[in-house]
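Here are a few notes to read alongside the model. Have the sequence open as you go.

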Amino acid sequence: MVEAATAGSPALVITNLVFRYSGSGETLLRIPSFELAAGGQALLTGGSGTGKSTLLHLILGLMEPSSGEIRVAGRAIHKLHGEARDRFRGRHVGMVFQTFQLLHGFSALENVMLAMTFSDIKPGEHEERARELLDRLGIERTGAPPEALSVGQQQRVAVARALACGPELVLADEPTASLDPENGRAAVGLLREVCRERGAALLCVSHDPTLAGEFDEVHGLASLSVAEGARV
């Protein structure tokens with residue numbers, strides 16, 4: 001059974017988060033407090049090696065914090081274990097990876113539909129939902145495999161996949177890294193617009209300084225975190 005979110009809760013709350021390397025005990029991240037409202041949008045900036053990717057993996061529940069708490073849609077994700085955590089993540093958090101991580105051998109449509117496999121969305125609704133999202137994002141060749149699509153089109157498929165289950169929170173890792181500046185700004189603008197339409201909060205992490213002008217809420221990771229010898 002998929003763990004339920006708590007109605008009316010912020011999309012993301014981080015409290016007294018500390019992450020240390022298990023071997024050396026070296027502290028990479030220390031974030032006393034961070035909150036992203038339901039439907040809110042924020043940009044988190046920082047250079048390479050400041051812990052941005054590690055933070056996303058902690059929010060996703062793919063890595064364990066040394067101490068502290070991360071709540072997604074009102075639930076403490078690290079208090080869930082095994083399949084319960086996997087299902088909660090799949091239902092409540094969408095992820096747009098820097099390298100997209102689309103599955104080759106599957107069409108654009110199938111990549112989006114696969115995201116709904118373990119959701120509570122009725123199987124008979126998967127294809128219609130996927131087609132609607134891809135159409136909204138301007139993907140006409142829904143039967144094409146990822147390798148037959150342009151980089152920009154692949155990113156749009158990745159956005160559709162992230163939103164397929166109607167998550168409360170969408171995470172975007174360096175969304176402009178594979179695009180030229182003009183297409184990068186357009187892609188981020190579209191991601192923000194579609195998240196607003198779907199009622200999903202958006203946390204974007206990037207070292208691209210040009211994105212700061214696209215978000216009303218901008219945080220430097222260094223201002224949130226006390227890092228000692230940070231590296232990723």
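1. Let's start with Glu 132, which sits in helix H4 (residues 126-136); helices here are DSSP runs of H or I with at least four residues, numbered from the N terminus. Keep in mind that this is a predicted model, where local features need pLDDT of at least 70, side-chain atom pairs count only at pLDDT 80 or more, and totals for chains, interfaces and linings use all residues. Residues are numbered from 1 along each chain as its sequence is written, and side-chain values use heavy atoms, leaving out hydrogens and water.

2. Glu 132 and Ala 115 are 17 residues apart along the chain, and their C-alpha atoms are 14 Å apart.

3. Now hop to Arg 89 in helix H2 (residues 82-92). With a relative accessible area of 15%, Arg 89 is buried. Which residues does Arg 89 touch, not counting those up to four places away in sequence? They are Leu 60, Gly 61 and Leu 62, where touching means heavy atoms within 4.5 Å. The Arg 89 side chain also reaches the backbone oxygen of Gly 61, at 3.4 Å.

4. Last stop: Leu 114, in helix H3 (residues 108-114). Leu 114 is partly exposed, since its relative accessible area is 36%.

How values were computed. Helices (H or I, at least four residues) and strands (E, at least two) are DSSP runs, numbered from the N terminus. Buried means under 20% relative accessible area, exposed over 50%, partly exposed in between (1.4 Å probe, protein chains only). A polar contact is a pair of N or O atoms within 3.5 Å; within protein, one must be able to donate a hydrogen and the other to accept it, and residues adjacent in sequence count only if both atoms are side-chain atoms.
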